Amino acid sequence: MPEDLDLNVLTVSSARAAVQERQTTAQALVESFYGKIEAEDRQPGQINAFLNLTRERALQQAKRMDAIVDKGNPLPPLGGVPVAIKDVMVTRGIRTTAGSKILGNYIPPYDCTAVSRLEAAGAIILGKLNCDEFAMGSSNENSAWGPVRNPRDLCRVPGGSSGGSAASVAAGTAVAALGSDTGGSIRQPAAFCGVVGLMPTYGRVSRYGLIAFGSSLDHIGPLTKSAKDAAIILRHMAGRDPMDTTSVDLPVPDYEQEIAKPVRGLRVGVPKEYFPAEMDSEVRESVEAGIKLLERAGCEVKPISLPHSKYAIPTYYVVATAEASSNLARYDGVRYGYRSPNAKTLAEMYRRTRDEGFGAEVKRRIMLGTYALSAGYYDAYYLKAQKVRALIAQDFLNAFKDVDAIITPTTPTPAFKLGEKSDDPLAMYLADIFTVTASLAGIPGISVPCGNSKEGLPIGIQILGRHFEEGTILRIAHAFEHARVSAAVH
Amino acid sequence: MKITQKDVSYVANLANLELTETERLRIEKDLNSILEYVDQLAEVDTSNVAPMAQVSQIGAAGVAADPLRADELRDCLPHEQAVAAAPQTDGTFFRVPKVIER
């Protein structure tokens, strides 16, 4: 492993190039990452992003990549790139827990499509990443395997639910990671840890093998060090998959070419509802400065309104928990996962298995969702929320008649302290206030670092686009990264 | 609408959860505070709005809603793999505690 290869700044392209140009071998690169993980992630009080290292599978893939280089052949597009996977995506023969005790010993018999597509493109899977139990949480404190700590400040949360994914990329213990986003679970932790997080359009990436939380809201997407890396990874996992009927049969653009296009003349909308009077002043200043940079880069900035935004959190917590209560009914101790040893009858076995296997937040959401679907409350809660969801989506469709993208803060505040909100579910839910709207509408969104608070905590700017126009938001994100660099130089 | 302990028991029963006394009290408090927040949805006029259950319903460009596949046999999970992760199995069936008492 040559000294000049700094794992902290390695990108998808530079990692591949290092292996292709024989600066290192894929096997040596994998070993360096495992060394870094052992040194920085695994001890008590350290980051705790990794739940499980998939050394054997990683080294096998690394050998395959090295053999390609040895023969003088070009590597596949992600050849030799070490990545890590949120533990809500199933991996054949490799323990997959979704951050839950109820799947503590679960060994899946198949691979998630997104994971197998990355591997087919040459990526090396280093391991499985910590997350909130069943992706339910905004701080990664709901994991049965202990919280993840924010690499930028170990006293603070990394965000959630893809906290391990954001933390591993920020710490440089993986070049890139896959996360899942149901109400902000890729973008919010990306903002908290100072990395890029992309939620693609609903239907762009197959959900096959993603352990279900809210099926009409669940998305898989990349967390990376740059918009360019996110563009490369998205291209290689997107597209129709016969195993997911909601995955869409549309051509997948070459996003790397898309991001190279100029942003001059693009119209970006700034919704007033995302800048409330009481918002954190550092977040406001940072995002407003970011919008000025885009204006200087040639974007036309327009004030817009998304009038139903204030109803997004209550809508989301009815729709998502209703879907979750149905999806999580499958955990009954019969076919896989944990079974309570303390039961004599079948009914007792179901109940005790679920009581002992699920954590507090998961039970809370199952209860809320079951209530919202129960006789007498279905119309008042579930059906009502589905109608308001339609209005929230319509707000975006209307706005996108006049603008090509929408810019907002990703989160209302920078990363909070461990334990700060863990006793107040509603306060925790409000951490997703700027991200749930896009999840409900099914449009793509990306969070990009846009500054730091006085305490040195990262702040994220969110760019939202039309359905299936990931190319546009990646292009703006890429231009924004360049504008920030040149603004810092001048 | 205020959630009571009776509602908590009823819903826990539907959800196949038992819950301890402490959990029941906590969930009563949490559900009331969350539902109070959710109640603001009542102020939105949705009288002419169709419910949105799926993203494909809202007509994003070029997307067909719910495409159906051809009704043909496809490979499925081999039997031994399907039961391999079960807490209790005889290799053919999943084993569960006796259902009918006599």
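## About the model

The model is predicted, so local features need pLDDT of at least 70 and side-chain atom pairs count only at pLDDT 80 or more, while totals for chains, interfaces and linings use all residues. Residues are numbered from 1 along each chain as its sequence is written, with chains lettered from A and ligands numbered from 1 in the order in which they are written.

## Chain A as a whole

Let's start with the overall build: chain A has 16 helices and 11 strands (DSSP runs numbered from the N terminus, helices being H or I with at least four residues and strands E with at least two). Of its 490 residues, 62% are buried, meaning that 20 or more other C-beta atoms, placed from the backbone, lie within 10 Å of the residue's own.

## Helix H1 of chain A

Helix H1 (residues 12-20) of chain A has these buried residues: A:Val12, A:Ala15, A:Arg16, A:Ala18 and A:Val19. They sit on the same side of H1(A) because they cover an arc of only 160° around the axis, taken from the directions from the helix axis to the C-beta atoms. Just after H1(A), A:Arg22 takes a positive phi of about 60°.

## Where the chains meet

The contact takes 58 residues from chain A and 46 residues from chain B; two residues are in contact if their C-beta atoms, placed from the backbone, lie within 7 Å. On the side of chain B that touches chain A, helix H1 (5-14), helix H2 (21-38) and helix H3 (79-84) of chain B are the elements that give two or more residues. H2(B) gives the most, with eight residues.

Conventions: Buried ≥ 20, exposed ≤ 12 C-beta atoms within 10 Å, placed from the backbone.
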